[in-house]
Amino acid sequence: MKVKILRQQDPMSDPYWQTFTYEGGRDASVAAVLDDINYRDDVIDIDGNPADRISWECSCLQSICGACAMVINGVPRLACDTFVRDLKGDTIVIEPLRKFPTVSDLVVDRSTIHENLKKADAYIGKYHQSREKNHDHEYQAGRCLKCGLCLEICPNYTKGEKFYGPMFANDSYLITARSGGDTSGIRQEYKEHFAAGCSKSLACERVCPMNIPTLASMAKMNRGHI
Ligand code: FES
């Protein structure tokens with residue numbers, strides 16, 4: 001198979017495509033394919049030119065940490081949870097998430113996710129014991145990896161703009177459900193930075209590796225009582 005990767009040496013340099021060959025099995029994950037290329041004694045591209053090892057991030061390799069989020073064959077996915085056997089054709093095309101600044105190759109800077117939470121003061125205030133009726137959905141919403149795949153696919157999200165994207169709906173719900181006392185602050189932030197900008201394409205639910213039902217978080221927040 002061919003593995004075509006959009007590479008970039010550093011944040012200031014121009015991106016370029018480089019293609020490698022992969023001769024391993026189809027049961028490998030894309031993370032394993034990247035390892036296979038990187039662990040060769042000499043990394044060479046398909047034309048026999050020496051190549052630098054590919055920068056990419058991973059930690060758990062079990063779809064838990066979200067570090068390996070990237071665009072694979074045009075779809076935002078986790079590399080450790082995407083398998084060659086499930087991809088069509090004989091070329092795997094891999095790009096970094098494009099809605100975040102590229103640091104190097106497939107490594108991007110996702111700090112904007114946490115910066116937006118800080119800007120919205122999205123912290124649990126006085127801790128409130130969870131109500132039993134909320135347990136199931138709090139668990140679902142709390143599984144967000146902060147991987148950024150939902151922001152990548154969302155047609156309304158652009159870095160630096162007012163709309164903070166789908167994960168903010170889940171965070172707003174969790175904070176509202178768990179905070180005792182006045183939650184008007186986070187509700188207002190939700191309206192301004194999520195509800196006003198969401199066009200309900202729900203592409204976010206399709207790519208979420210944790211299958212978080214974001215629409216249910218939105219419905220609970222929009223109803224105004226949790
Ligand atoms: S390496 Fe942790 S989710 Fe893929």
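Student: What makes E1 and E5 a pair, and in which sense do they run?
Tutor: Two strands pair if DSSP finds at least two bridges between them. E1 and E5 have 4 bridges, in the parallel sense, so they meet that rule. One of the bridges joins Lys 2 to Thr 91 in E5. Keep in mind that this is a predicted model, where local features need pLDDT of at least 70, side-chain atom pairs count only at pLDDT 80 or more, and totals for chains, interfaces and linings use all residues. Residues are numbered from 1 along each chain as its sequence is written.

Student: Why is residues 2–7 called strand E1?
Tutor: Strands are DSSP runs of E, at least two residues, and helices are runs of H or I, at least four, numbered from the N terminus. Residues 2–7 make up strand E1.

Student: How do you know that E3 and E5 pair?
Tutor: They share 2 bridges, in the antiparallel sense, and at least two are needed, so they count as a pair. Val 71 has Glu 95 in E5 as its bridge partner.

Student: And what about E1 and E2?
Tutor: Those have 6 bridges and pair in the antiparallel sense. Leu 6 is bridged to Trp 17 in E2.

Student: What is the strand order in the sheet?
Tutor: The open sheet of 5 strands goes E2-E1-E5-E3-E4, with mixed pairing.
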